Amino acid sequence: MAIEELPIFCYYDRQRFTQFGAMDCANWYGIQVESGKKKQALYPAMGRQHITFGGQNQLIFSAEPRLIFKSINFFYVIDGTQVFQYDKFYNQKIIGNVSLTGNLWFSILPVNTVVYIMLTDGTNIYIITENGTNVTMGTVTDPNAPGGGNNPGSPAFVATFGNRFVVSTLNTPQFTLSVINLGGSVVDLNTCFTINGAALFAQATGIIRQLAVLHNQLYIFNDFTTDIWGNISTQITVAGATFEFPFKLNSSYNFDYGMEDPFSLSVSFGRMTWLGQNQEGSVSFFVSDGGRPQDISTQAINVLLQDSTHPGDVSPFLTQTVRGFLYQYENTIFYRAVVGIFISEDILDLDEDNTVAIEYNFETQTWGRVIELNGERNRIQQHVFFNNIHLVTIEEDSAIYEMAGNIYTNELRTPNTGPQDANAFTQYPMRYELVTRQLALEAYEEFIDDYVQIDFVFGDEAFFRSDAPFLNTVFIVGEGSTPTNPIYIVTEDGKYVIQEGTNFPTSADSQWNALYKPHIELYISDDGGVTFLSADAREPWQLGEYRWIMRWNELGTSRNRCYKLVCVSPAPIVILGAVRNTRRASGGAN
């Protein structure tokens, strides 16, 4: 017999043929600490909960918000046509309206003590002006603005560069500049795009699919390439006329990948991350700090991007909206990409080729999946970090939630309830999954796993074994009882009498109980991860105060095995390591 380490620290690496590679990881992410027991561990992915402030549920709307964004001091939500503004105390103002249809894009320009926000919806351009607590919103009426009488087309993407707003015209190479600083402390909506009596515009080298600014460079993403412009004046010629333009195109350097989906772009932490493509059909995720883009897709991610399970189908990454955002938790930076349409809360283990939420960990340089309780992809859509909180929207959900790594459940709005009802939100436990890589001897001899043991931390210092009543227990007391001196009614065998319908576990209870006891099950596959059989569910047993282990015995003979671990729990489960007691089968058949 030999005790070997079980490769439990997994990430998403599922190959097109699972017999070649079946490794997977959902709702855990890896961390690396040199002083740690195994120098690495698997931590729970981000959970979510509703926002409360002042004893009230906050940020609940009529439908899923179309757009959320922030300025310096305020947070904005677009619900239908209405534009809502919030301060850090969740005081709400309705400041204007936008068109009911069309994609929404925004950018911010601080000018002295004033902050301007430009918002486009495919039809109009809007300017939000923040002057202290005085906030106004107006529609640009300048005929030289994109979509104006002298500048036909529809306004699309917007960025801030060189103290100007840059606005592209939809499905064209053209982009137009606003006046510097929008004219100063007071904006004129009739002339904010008029420079020397006309529109100031230029052409990209392809149809513009997105705009970004990083390290004082303007990146114009086309279909298959990306132009790079500097904040340097130059002479350009348009329609035979030569004039001075405030920006200069880098004629010797560009990116040889463009933009596959404009919603996938996220710019933060000194980097840009997006889903790019080139004209040869290659699609991949890229990150750039201003230098040559780095391809962060693995072969497993390439399978998701390029392939599909069923012949004739096209990957949803190529046909549906891919929403991406960068965020940071405990100094680990992540990029999350979400694609696919929410189907049902009842279907378990949906095909991840058709609905996917994947997350790149920049620390470990690995990918993982994030899922809901039923195994469907995580429903988070948009993200904004405001007031030291990660605020997120949920597909087909009317509320905005807080996302954090110390929240170990996923909440959703309860149907047919009011925003302030006690049951306005339903709390669901997290579902964790992982599949190890294939385990085989060098010459494919048969081996026997006598047991597999997994070490983990369940819960935290608030969770402990107890026979105490739950928080909602109502005791029956006798006459003469007072709040300070209750006289409990006790049965002949010494048990307290309680009111019927009380003393059941709720999510607020810290006692060890049936709700908080995790469901943890190990599955075995001897065909390369194609099919799995249960090795039976197990209860953890205690090693230390908060550390637990589980062991599965007599796991049989195999030549090519992988293990799948499934956990469902509203308390955190942290994987610390695992071992297997294995031996070569008698006779050494191969």
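I started with β34 and strand β35 (residues 389-394), which run antiparallel and are joined by five bridges. My pairing rule is that DSSP must find at least two bridges between two strands. Strands are DSSP runs of E with at least two residues, helices are runs of H or I with at least four, and both are numbered from the N terminus. This is a predicted model, where local features need pLDDT of at least 70, side-chain atom pairs count only at pLDDT 80 or more, and totals for chains, interfaces and linings use all residues. Residues are numbered from 1 along each chain as its sequence is written, and side-chain values use heavy atoms, with hydrogens and water left out.

Is β34 open or enclosed? Six of the seven residues in β34 (residues 380-386) are buried, so the strand is largely enclosed by the rest of the structure. Buried here is under 20% relative accessible area, exposed is over 50%, and partly exposed is in between, using a 1.4 Å probe on protein chains only.

**Gln381**

Next I picked Gln381, which is found in β34. This residue is buried, with a relative accessible area of 12%. What does its side chain make a polar contact with? I found the side chain of Arg377, at 3.3 Å. (A polar contact is a pair of N or O atoms within 3.5 Å; within protein, one must be able to donate a hydrogen and the other to accept it, and residues adjacent in sequence count only if both atoms are side-chain atoms.) Leaving out residues up to four places away in sequence, Gln381 touches Glu64, Arg323, Phe325, Val338, Thr393, Ile394 and Glu395. Contact means heavy atoms within 4.5 Å.

**Positive phi elsewhere**

Most residues other than glycine have a negative phi, so I checked two exceptions. Leu59 has phi near 60 degrees and lies in the loop between β7 (56-58) and β8 (67-70). Asn181 has phi near 55 degrees and lies in the loop between β18 (174-177) and β19 (200-203). Leu59 is buried at 3% relative accessible area, whereas Asn181 counts as partly exposed at 22%.

**Helix α1**

In α1 (residues 299-306) I noted Ala300, Ile301, Val303, Leu304 and Leu305 as buried. Their cover includes β2 (13-14), β27 (271-277), β28 (283-288), α2 (316-319), β32 (356-361) and β33 (366-369).

**Four-stranded sheet**

I then traced an open sheet with antiparallel pairing, in the order β26-β27-β28-β29. β26 (266-268) and β29 (294-295) stand at the edges with a single partner strand each, so one side of each has no neighbour in the sheet. Two bridges pair β28 with β29, and Val287 has Gln294 in β29 as its bridge partner.

**Largest pocket**

Last, I looked at the largest pocket, with a volume of about 1,400 Å³. (A pocket, on a 1 Å grid over the protein atoms alone, is an open set of points where a 1.4 Å probe fits, with protein on both sides within 12 Å along at least five of seven lines; lining residues have an atom within 4 Å of a point.) Its volume is the space filled by probe spheres set on the points. The lining has 50 residues, with Phe106, Leu265, Ser266, Val267 and His383 nearest the centre. Which strand gives the largest share of the lining? I got β30 (residues 323-329), with seven residues.
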